[in-house]
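Please walk me through this protein structure, step by step.

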Amino acid sequence: RLEAKADIKNEEWAGEKYESVSKADKPLRRFLKRIQRHPGQVVRYCYGTEPLLISSRKPPRHVCRECKSEKRIELQIMPGLISVLDRDTGLDWGTINIFVCPNMCGSIKKFSVEDLYTEAPV
């Protein structure tokens, strides 16, 4: 009986071909593979590295208003946070990326405007 079931299964898939991953899907697959290591994470500290993005769309360049240096990513708020929050909030996002000045210009005034880049949900 097992051999007969195996033959039926092979016949069903005989004409199927492997689907290649589209260029648009590669960042999403990379994102999912990476967060599977720690599926419960809601915040990623990643100062100065490349953000872990869901899409191939790159964040815009952010510049400090004080010293004109290019800002660096400091942390990401992951979509897993949505499941922790009240579901009636209507919030939805892919990732929220927070960019800061590498020269800590805000520490001079005790306040600094940081920049956010929000990816759309998938």
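Two residues are in contact here when heavy atoms of theirs lie within 4.5 Å. With that rule, Asn97 touches Pro51, Leu53, Ile73, Leu75, Gln76, Asp115, Leu116 and Tyr117, leaving out residues up to four places away in sequence. The model is a predicted one.

Asn97 sits in strand E3, and that strand belongs to a sheet. The sheet is open and has 4 strands in the order E1-E2-E3-E4, with antiparallel pairing. At its edges stand strand E1 (43-45) and strand E4 (115-118); each has a single partner strand, so one side of each is left without a neighbour in the sheet. On average, neighbouring strands of this sheet are turned by 25 degrees against each other, direction ignored. E1 pairs with strand E2 (residues 72-77) in the antiparallel sense, over 3 bridges. Arg44 stands opposite Gln76 in E2.

Is Asn97 buried or exposed? Its relative accessibility is 0%, and residues under 20% are called buried, so Asn97 counts as buried. The side chain of Asn97 also has a polar contact, at 3.1 Å, with the side chain of Thr95.

Thr95 lies in the loop between helix H3 (81-84) and strand E3 (96-100). Thr95 is buried because its relative accessibility is 0%. Besides the polar contact with Asn97, the side chain of Thr95 has a polar contact of 2.7 Å with the side chain of Glu119. Neighbours within four places in sequence aside, the residues in contact with Thr95 include Phe31, Leu52, Ile54, Met78 and Tyr117.

Which residues make up the largest nonpolar core? They are Phe31, Ile35, Leu52, Ile54 and Met78, 5 residues in all. In soluble globular proteins, nonpolar side chains tend to be buried together.

Another residue to look at is Gln41, in the loop between helix H2 (26-35) and E1. Gln41 has a relative accessibility of 19% and therefore counts as buried, the cut-off being under 20%. How far apart are Gln41 and Met78 in sequence and in space? They are 37 residues apart in sequence, and their C-alpha atoms are 7.1 Å apart. Apart from neighbours within four places in sequence, Gln41 is in contact with Ile35, Met78 and Gly80.

The last topic is the cysteines. A disulfide requires two cysteine sulfur atoms within 2.5 Å, and by this rule the count is 0. Cys67 is in no disulfide, and the nearest cysteine sulfur, that of Cys105, is 3.6 Å away. For Cys101, the closest cysteine sulfur is in Cys67, at 3.6 Å, which is too far for a bond. Cys67 is partly exposed, because its relative accessible area is 30%. Cys101, at 7% relative accessibility, counts as buried.

Technical notes. Residues numbered from 1 in each chain as written. Predicted model: local features only at pLDDT ≥ 70, side-chain atom pairs only at ≥ 80, totals over all residues. Heavy atoms only, no water. Helix = DSSP H or I, 4+ residues; strand = E, 2+ residues; numbered from the N terminus. Buried < 20%, exposed > 50% of the residue type's maximum accessible area, 1.4 Å probe, protein only. Polar contact = N/O pair within 3.5 Å; in protein donor to acceptor, adjacent residues only side chain to side chain. Core = buried A, V, L, I, M, F, W, Y, C linked by side-chain atoms within 4.5 Å. Pairing = 2+ DSSP bridges. Axes fitted to C-alpha atoms, helices over the stretch in contact; angles between N-to-C directions.
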